[in-house]
Amino acid sequence: MSLGIILVSAIFVNNIVLSQFMGICPFLGVSKKMNNCVGMGAAVIFVMLCATAITFPIYKLLEKINAEYLKTVAFILVIAMFVQLVEIILKKFMPSLYDALGVYLPLITTNCAVLGVTLTNVDSGYTFLQSIVNSLGTGIGFTVALLIFSGVRYRIENSDIPEMFKGVPATLVAASITAMSFTGFSGMFS
Amino acid sequence: MSNLKEITKGIIKENPSLVMLLGMCPTLAVTTQAANGLGMGAATTFVLICSNIVISLLKNIIPKAVRLPCFIVVIAGFVTLIEFLMKAYWQPMYKTLGIFLSLITVNCIILGRAEAFASKNKVLPSICDGLGMGLGFTLSLFLMGSIREILGAGTFFEKPIPFLSENPMTIFITPAGGFFVLGIIIAVVNKIANRKPPEKISCEGCPSASLCGGDKTKCEQTKQSPEKEAK
């Protein structure tokens, strides 16, 4: 599979939020303001790329000692530790970037999108370069979905909707319509 | 008596996915069929009860500062266990659930219960809490799955329903239908419970919620205050 196809497919066709349902919590929680979306998206792309780069050799190692079944335990531990480490390093050496991303970093540990993308990479047997490209595409897809949806949400906040639908239900119905538009991409690559 | 209360609170009053809005990803992703909902619910309940037992036993040994990584490793261990069990005894369900079985590890319900309940209570109440939360989660997944399967495919547990199976509304088994059905169910729950719709989403389950008290702005303040103290 060529790298271009992997990238486009990860961004649009198999959008991680709207067609694979991973990372719904930050998608619904953070998408209220456009600025937050950019910050969260940047943090997710960064963590996904680094997590992929780290977990790929770890999986190769596990394969060598016939312990592939430990991948979930190993990956989540590595991701949790890595996020903590990045937080400490950013705080010490790049305070301005820490202020921009800091709030979102702890939330990412329990974001199933990050663990999901690393597991998908090893399950589909991608090479190192393909894994990196897939993670990049998935991260961009997450950011795109967040940005589009924050625009939709801004309009909902200012409209008159029935009492029982206020808040989360209206957001979910809007997400449904956004997801419907993304189904237009399905079947692009057979 | 109080143990019974721990079980029932998870099913209705604090239903994890419909009232507390935790664990939305599996709620939406695997519920294209009623049976999938039950399978996912059973797997999650198993992990939830086991991790609650272990964490409530180890609560005095685990140091406070590194408790979250410890909890996650315990949970991931049990997830690996259930993966093996399902692969051996329930092959079709193992294939359908796929990656979402591994992703139980990062389900906020389990980490949320470990942090909010099991790490503060004795073993027996923790088991009851896990059982109740698990049942509540399973029930809501089953509800979602039934609605989507009946309307979207015209079948129920893969048995065709007359009329509906000839005219299925396929949109309900697509991702868009998942969001839509969940939105409607939560709106109905809001209406029945006659309560104010929740403003915050899943802050209760967020592992850093203990730092911010479930408030986004406070979350930012607490993040900055240790720095000020250091200065």
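Over all chains, the count comes to 10 aromatic pairs. The model is predicted. In chain A, the mean pLDDT is 83, and 94% of the residues score at least 70.

**Aromatic rings**
- A:Phe12, A:Phe182 and A:Phe185 form a cluster linked by ring pairs.
- A pair of aromatic rings is described by the distance of the centres and the angle of the planes.

**B:Ser126**
- Helix H8 (residues 123-152) of chain B contains B:Ser126.
- B:Ser126 counts as buried because its relative accessibility is 0%, and buried means under 20%.
- Leaving aside residues up to four places away in sequence, B:Ser126 touches B:Asn52, B:Ser56, B:Phe117, B:Ala118 and B:Asn121.

**A:Gly39**
- A:Gly39 lies in helix H3 (residues 34-64) of chain A.
- The relative accessibility of A:Gly39 is 13%, so A:Gly39 also counts as buried.

**Confidence within chain A**
- Among the elements of chain A, the highest mean pLDDT (89) belongs to helix H8 (residues 128-157) of chain A.
- The lowest mean pLDDT among these elements (69) is that of helix H6 (residues 105-109) of chain A.
- Where pLDDT is low, the predicted coordinates should not be read in detail.

Note on methods
Residues are numbered from 1 along each chain as its sequence is written. Chains are lettered from A and ligands numbered from 1 in the order in which they are written. This is a predicted model: local features need pLDDT of at least 70, side-chain atom pairs count only at pLDDT 80 or more; totals for chains, interfaces and linings use all residues. Side-chain values use heavy atoms; hydrogens and water are left out. Rings of Phe, Tyr and Trp (its six-membered ring) pair if their centres lie within 6.5 Å; planes under 30 degrees apart count as stacked, over 60 as edge-to-face and the rest as tilted. Helices (H or I, at least four residues) and strands (E, at least two) are DSSP runs, numbered from the N terminus. Buried means under 20% relative accessible area, exposed over 50%, partly exposed in between (1.4 Å probe, protein chains only). Contact means heavy atoms within 4.5 Å. pLDDT is the predictor's confidence in each residue, from 0 to 100.
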